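Here's a walk through one model, sheet by sheet and then core by core. Have the viewer open as you read.

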Amino acid sequence: MTAFERLVGVERVQADAAARGLDIEVIERPAARSLEEAAELMGIEPGDIVKSLVVKRSDDTYVFALVPGGRKISWPKLRALLSVNKLQLPDASLALAATGYERGTITPLGSTTAWPVVVDATIPGRRVSMGAGEHGRSLFVDADALVRALDATVADISDPE
């Protein structure tokens with residue numbers, strides 16, 4: 001086990017961001033009952049909160065789909081982009097095994113496996129908040145810098161909720 005693999009939660013996120021030369025700001029935040037409440041608590045718009053969804057392919061590989069608050073994955077668009085017939089959201093135990101993070105804390109940064117990342121086309125051009133590897137924490141990052149650091153694909157993969 002490497003030193004990186006021994007890190008947990010937000011420490012792993014911060015180490016990965018530093019290794020990529022990516023500036024992030026991690027904050028503590030209270031639990032929220034809704035997207036709107038979370039945005040209000042952090043002083044941002046709901047669309048500036050990015051959900052990191054880990055999506056399972058039929059060959060048991062995964063991809064991260066980053067989608068802003070107020071939008072949902074468009075399964076037809078994502079399947080077409082990835083040239084696959086079947087995708088699904090894995091159960092919590094599979095998501096944990098694939099990323100090293102519990103649901104609600106998932107981020108591509110510091111994932112135990114560096115799965116490909118697809119960023120919804122509505123995300124670039126702003127500063128966004130996302131999971132930071134631990135409950136009660138969020139990170140802020142420049143979306144364009146995140147795309148570059150993760151070598152992410154930017155595409156239209158969402159629809160309004």
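## The β3 neighbourhood

Ala 65 sits across from Val 118 in β6, and β3 and β6 pair in the parallel sense over three bridges. Two strands count as paired if DSSP finds at least two bridges between them; strands (E, at least two residues) and helices (H or I, at least four) are DSSP runs, numbered from the N terminus. One thing to keep in mind: this is a predicted model, where local features need pLDDT of at least 70 and side-chain atom pairs count only at pLDDT 80 or more, while totals for chains, interfaces and linings use all residues. Residues are numbered from 1 along each chain as its sequence is written, and side-chain values use heavy atoms, with hydrogens and water left out.

With β2, β3 runs antiparallel, and seven bridges join the two. Leu 53 stands opposite Ala 65, and Lys 56 has Tyr 62 as its bridge partner. The β2–β3 hairpin has four residues between its strands, and there Asp 60 takes a positive phi near 65 degrees.

How many of the residues of β3 are buried? Seven of the seven, so β3 is largely enclosed by the rest of the structure. Buried means under 20% relative accessible area, exposed over 50%, and partly exposed in between, with a 1.4 Å probe and protein chains only. In a regular strand the side chains alternate between the two faces of the sheet. Here both faces are covered: Tyr 62, Phe 64, Leu 66 and Pro 68 are buried on one side, and Val 63, Ala 65 and Val 67 on the other.

Zooming out, β3 belongs to an open sheet of five strands with mixed pairing, in the order β5-β2-β3-β6-β9. β5 (87–88) and β9 (153–155) are at the edges with a single partner strand each, so one side of each has no neighbour in the sheet.

There is also an open three-stranded sheet, ordered β1-β8-β7, with antiparallel pairing. Its edge strands are β1 (24–28) and β7 (127–131), each pairing on one side only. The twist averages 30 degrees from one strand to the next; axes are lines fitted to C-alpha atoms, for helices over the stretch in contact, and angles run from 0 to 180 degrees between N-to-C directions. Five bridges join β7 to β8 (residues 137–142), with Arg 127 partnered by Asp 142. Helix α6 (residues 143–150) lies across β7 and β8, at about 90 degrees to β8.

## Cores

The largest nonpolar core has 30 residues, and Leu 22, Leu 66 and Leu 146 touch the most other members. Such a core is a set of buried Ala, Val, Leu, Ile, Met, Phe, Trp, Tyr and Cys residues joined through side-chain atoms within 4.5 Å. The largest share, six residues, comes from α6. Leaving out residues up to four places away in sequence, Leu 146 touches Leu 22, Leu 66, Leu 109, Met 130 and Val 141; contact here means heavy atoms within 4.5 Å. A second, separate core of 11 residues includes Val 55, Val 67, Leu 87 and Ala 155.

## A buried loop residue

Ala 132 is in the loop between β7 and β8. Is Ala 132 buried or exposed? Ala 132 is buried, with a relative accessible area of 0%. Beyond its neighbours within four places in sequence, its contacts include Gly 9, Val 26, Thr 105 and Leu 139.
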